[in-house]
Amino acid sequence: MSLEAETAHLQLDEPVIKRGSWLNRLRILGALIVLLALPWYVYPPVAFDILCWGLFAISVDILLGYTGLLSFGHAAYWGASAYTTGIVAIKTGLPFPVAVLAGIIMAMAIAVPVGWLSVRRTGIYFAMVTLAFAQMLYFFANQWRDVTGGENGLQGIPRGFFGVGLVETDSFYFYYAGLAFAVIGALIAWRVVNSPFGRVLVAIRDNPARARALGYNVDRYKLTAFVISAGLAGLAGGLFAISHGFASLQELDWRTSGKVVLITVLGGIGTLWGGPIGAAIVVLLEDRLATSGFEGTGIITGSIFVVVVLLFRRGVWGTARHYLGAELLARRRRY
Amino acid sequence: MGNFLQYTLQGLAAGGFYALAALGLAIIFGVLGVVNFSHGACYMLGAVASAVLLAEFNLGFWPALLIVPILLFVFGVLMERLLVRWLLPLDPLYNFLLTFGLTLLLVDLVKKKYGVSGLPYEIPAGLDGRIGTGDISLSVYQLFACLFSLAVCLGVWALLTKTRIGMIVRAATEDADRTSALGINVRRWVTPVFGFGIALAGLAGVLRAPNGAITPEMGGSFIIILFAVVVIGGLGSILGAVVAGFLVGLVEAYGQAYAPAYAQIVIFILMALVILVRPAGLFGREEAA
């Protein structure tokens, strides 16, 4: 294998919108308005699904877009957290943020050995190995019926929130409680990516051999990114379990891992913003298909995936940024 | 002792399916650098196609063994020409994702057409008996599946080592750029090799068809175990794919016999051990890092 094989030649543009610029402020303001207004226009549980999948996609993007690692087994962390959150909430009746925290810790704890083994392989091997380990967890959960409920899953996960009745019973208000945590998750992701640590990750993505030659312990950086990413996936999965009131084997299924990668690619990898946008498209589309009684969602989502990968690799946000970026650069040159 | 032999044969039969399909995966990866996620779906298509041939055209197992791989070869050629080809110059991850999308598409198309419950298929006449005496009694079908896949693997091995085409394919697997530099048109072989790899997955599907229900979902866990197989064997290695295929089949069968709860988990533990001790796989070469 040559050195090139280790480098991910993903089609990525550098961001052109500078931090602190008016455009950036406008963008953040716009996103906040959309997120706050969402449950007025979309059925609140569906809006909540968009939050969860959006955050889940952001966690995948930290690895795929910023570290050059395609994890095809992120359902493991989403699902492990969903189960742990559910078990803690059912057994102790603690408020949901505490239960979700337990889920996050479980997800990160599982990510340490899996990541440690997986980062030994790069590129396409990494995708296959993470997928295989996620499947192992799936079989494990399927066998451990006493705790996970096997094929029935965990039912009746309570939605405790410090005795605030509105949040606990009304999914409209619950959305806003969840939104706070999802935004915290997104801010953590943003902070990670825009830190010196995040720059090292990008250096590793673009040229691992050079990063190693500069004295960075590449494997340790990858592992750290992997565990952080798993923690965010855990946050998303835990919130998802609380919102639905159950956790099932589907949360650990390989299709869940694939779906989140689809969302990430559709939104645009290496952008973070793409995650929530892709999530909104996929979740709303699936909701529409489900309510219209169409069977075979995979025919639609599979086709979208094929088309996106063939023709539209920058994704929605990546394409917008590409053309906006070209426009901005042209204007800067003009002045 | 009789039981142990039976488990061994069962493992070798299942290993044969893995070995055949993994061989196809390894050849495609070697020449095109593509990890075909839809390999499990193609295996499923092979099994479904044999069931459809039986139900609608009254063509049994033996004709299917010939017809289905040809159909899958054509399917593979179309897939390469229409889709995979465009992404070959890019990062292999894109083709991995493309074939994943194709998997979702194929599985749900088959589900829509033939339902989720599964299609019936019976062990063909001549293979339905058992042989052996007293304590030792083996299924003829399993014996056949095991020997047939072994024979096909040997045939492919002979094709690769004894013929000019095989030499080109091996050279391209080794280093596609340098092979082109020697004046060999590697691109010409890309499409047939892809079709051939898909045909092997289809052949594994036909062989597997008499062995229990044929469902659209049967490729799902198959492809993941197949990934474990090629990680264990070393993805670049054709011998590795075959040996690891039979090895995983055996491990799975012994697991099912002696620790049924952990049968499938054992495979992944084996994979973890291989990554730990030999990250490049049992027969893979170390990557330059």
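A residue is buried if 20 or more other C-beta atoms lie within 10 Å of its own. L272(A) has 24 other C-beta atoms within 10 Å, so L272(A) is buried. This residue belongs to a predicted model, in which 40 residues of chain B are in contact with 40 residues of chain A. Chain A has 16 helices and 0 strands, whereas chain B has 11 helices and 2 strands.

**Chain A as a whole**

- A compact globule of 335 residues would have a radius of gyration near 20 Å, and chain A agrees with this because its own value is 20 Å.
- Along the principal axes, the C-alpha atoms of chain A fill a box of roughly 60 × 45 × 40 Å.
- Buried residues account for 50% of the 335 residues of chain A.
- Taking the contacts in chain A between residues at least 6 apart in sequence, 80% join residues at least 24 apart.

**Chain B as a whole**

- The order of elements in chain B, starting at the N terminus, is α-α-α-α-β-β-α-α-α-α-α-α-α.
- For 289 residues, a compact globule would have a radius of gyration near 19 Å; chain B has 19 Å, so the two agree.
- The box filled by the C-alpha atoms of chain B is roughly 60 × 45 × 35 Å, taken along the principal axes.
- Of the 289 residues in chain B, 54% are buried.
- Among contacts in chain B between residues at least 6 apart in sequence, those that join residues at least 24 apart make up 78%.

**Where the chains meet**

- The contact between the chains involves 40 residues of chain B and 40 residues of chain A.
- On the side of chain B that touches chain A, at least two residues each come from α3 (61-87), α4 (92-114), α9 and α11 (263-277) of chain B.
- Of the elements of chain B, α4(B) gives the most to this side, with 16 residues.
- By class, the residues on the side of chain B that touches chain A are 31 nonpolar, 4 polar and 5 charged.

**A helix pair across the two chains**

- Two packed helices are described by the angle between their axes and the distance between the axes.
- The crossing in which α6(A) passes α9(B) is left-handed.
- From α6(A), the residues in this contact are Y125(A), M128(A), V129(A), L131(A), A132(A) and Q135(A).
- They meet S221(B), I224(B), F227(B), A228(B) and V231(B), which lie in α9(B).
- The contact of α6(A) with α9(B) is made up of 9 nonpolar residues, 2 polar residues and no charged residues.

**A helix pair within chain B**

- The axes of helix α2 (residues 39-57) of chain B and α4(B) are 9 Å apart, and the two helices pack at an angle of about 25 degrees.
- Angles under 35 degrees count as roughly parallel, and α2(B) and α4(B) are therefore roughly parallel to each other.
- The crossing of this pair, α2(B) and α4(B), is left-handed.
- On the α2(B) side, G40(B), A41(B), M44(B), L45(B) and V48(B) take part in the contact.
- Their partners in α4(B) are T103(B), L106(B), V107(B), V110(B) and Y114(B).
- The residues of the contact of α2(B) with α4(B) comprise 8 nonpolar, 2 polar and no charged.

**Residues with positive phi**

- Most residues other than glycine have a negative phi.
- L272(A), a residue other than glycine, has a positive phi, near 60 degrees.
- L272(A) sits in the loop of chain A between α13 (254-267) and α14 (274-291).
- N58(B) is also a residue other than glycine with a positive phi, and its value is near 60 degrees.
- The loop between α2 and α3 of chain B holds N58(B).
- N58(B) counts as exposed because it has 8 C-beta neighbours inside 10 Å.

**An exposed residue in a helix of chain A**

- Helix α9 (residues 171-193) of chain A contains A180(A).
- A180(A) is exposed because 10 other C-beta atoms lie within 10 Å.
- A180(A) and L51(A) are 129 residues apart along the chain, and their C-alpha atoms are separated by 10 Å.

Methods:
Residues numbered from 1 in each chain as written. Chains lettered and ligands numbered in written order. Predicted model: local features only at pLDDT ≥ 70, side-chain atom pairs only at ≥ 80, totals over all residues. Left-handed = near helix turned anticlockwise from the far one by under 90°. Helix = DSSP H or I, 4+ residues; strand = E, 2+ residues; numbered from the N terminus. Contact = placed C-beta atoms within 7 Å. Nonpolar A, V, L, I, M, F, W, Y, C, P; charged D, E, K, R; others polar. Rg over C-alpha atoms; globule rule 2.2 N^0.38 Å. Buried ≥ 20, exposed ≤ 12 C-beta atoms within 10 Å, placed from the backbone. Axes fitted to C-alpha atoms, helices over the stretch in contact; angles between N-to-C directions. Parallel < 35°, antiparallel > 145°, perpendicular 65-115°, else oblique.
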